[in-house]
Amino acid sequence: MGVYPVEGGSHEEGPPTDDFSWLSRDTRLKLIELLISTRSTLELSRVLGISPTAVRKYSRGIAAPSDQIIAKILDILAPYEREEAYKMIIDDLKQIVERLYNNLDEKWRSYLKETILAVLK
């Protein structure tokens, strides 16, 4: 995981629900792999509103999809793809939280725990 280069816009464009800036490059590429496994490059480019060249760059790992493309991906997932996609995203978020937690002192670890519990209520 790490910081990712994105193609096609910044996370500041679009509504706040399109902010996936925290999503790793690896997970972005895995989501593309998931979609391309059941769709042609042309079909995927059409439904995402991007060029076939962009899809090929994503599938080769040359570039990673922007936040807006990730939002579109989540909108077009077939029911049989949702479970795998959501698991990828949740696992990615878990790794981010674990790394943060491991770098905090006890005071901030407690605050992180409280914050996460408040979100989950």
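Predicted model: local features only at pLDDT ≥ 70, side-chain atom pairs only at ≥ 80, totals over all residues.

Colleague: Fine. How many helices and strands does the chain have, and in what order do the elements run?

Modeller: The secondary structure comes to six helices and two strands, and starting from the N terminus the order is β-α-α-α-β-α-α-α.

Colleague: And what share of the residues counts as buried?

Modeller: The chain has 121 residues, of which 33% count as buried. As for the contacts in the chain with a separation of 6 or more, 64% of them are between residues 24 or more positions apart.

Colleague: Let's look at α2. Which of its residues are buried?

Modeller: Helix α2 covers residues 41-48, and its buried residues are Leu44, Ser45 and Leu48. Because these three cover an arc of only 100° around the axis, they sit on the same side of α2. Leu42 and Arg46, which lie on the other side of the helix, are exposed.

Colleague: What covers the buried ones?

Modeller: The cover for the buried residues of α2 includes α1 (25-36), α3 (52-60) and α4.

Colleague: Which residue just after α2 has a positive phi?

Modeller: That is Gly49, whose phi is about 70°. Further on, Ser51 lies in the loop between α2 and α3, and Ser51 is partly exposed, with a relative accessible area of 36%. The C-alpha atom of Ser51 is separated by 9.1 Å from that of Thr41, the two residues being ten apart along the chain.

Colleague: What does Lys72 touch?

Modeller: If we do not count residues up to four places away in sequence, Lys72 touches Leu48 and Gly49. Lys72 itself is found in helix α4 and, at 35% relative accessibility, counts as partly exposed. Its C-alpha atom is 8.4 Å from that of Val47, a residue 25 positions away along the chain.

Colleague: Staying with α4, at what angle does it pack against α5?

Modeller: Helix α4 (residues 67-76) and helix α5 (residues 79-102) pack at an angle of about 145°, and their axes are 10 Å apart. On the α4 side the contact is made by Leu74, Asp75 and Ile76, while α5 contributes Glu81, Arg82, Tyr86 and Ile89. Sorted by class, this contact has four nonpolar, no polar and three charged residues.

Colleague: How far is the Leu35 C-alpha from that of Ala78?

Modeller: Those two C-alpha atoms are separated by 9.0 Å, with the residues 43 apart along the chain.

Colleague: Changing topic, how many aromatic pairs does a search of the whole structure find?

Modeller: The search finds two aromatic pairs. One of them is formed by Phe20 and Trp22, a tilted pair with 6.3 Å centre to centre and 50° between the planes. Phe20 is buried, at a relative accessible area of 12%, whereas Trp22 is partly exposed, at 32%.

Colleague: And the other one, how is it arranged?

Modeller: Trp108 and Tyr111 form an edge-to-face pair, with 5.7 Å centre to centre and 85° between the planes. Because they are three residues apart in helix α6 (residues 106-120), about one helical turn separates them. Trp108 counts as partly exposed at 42% relative accessibility, and Tyr111 is partly exposed as well, with a relative accessible area of 48%.

Colleague: One last thing: which ring does Arg109 lie over?

Modeller: Arg109 lies over the face of Tyr101, at 4.5 Å from the centre of that ring.

How values were computed
Residues numbered from 1 in each chain as written. Heavy atoms only, no water. Axes fitted to C-alpha atoms, helices over the stretch in contact; angles between N-to-C directions. Helix = DSSP H or I, 4+ residues; strand = E, 2+ residues; numbered from the N terminus. Contact = heavy atoms within 4.5 Å. Nonpolar A, V, L, I, M, F, W, Y, C, P; charged D, E, K, R; others polar. Buried < 20%, exposed > 50% of the residue type's maximum accessible area, 1.4 Å probe, protein only. Arc of directions from axis to C-beta. Phe/Tyr/Trp six-rings, centres within 6.5 Å; stacked < 30°, edge-to-face > 60°. Lys NZ or Arg CZ within 6 Å of the ring centre and 35° of its normal.
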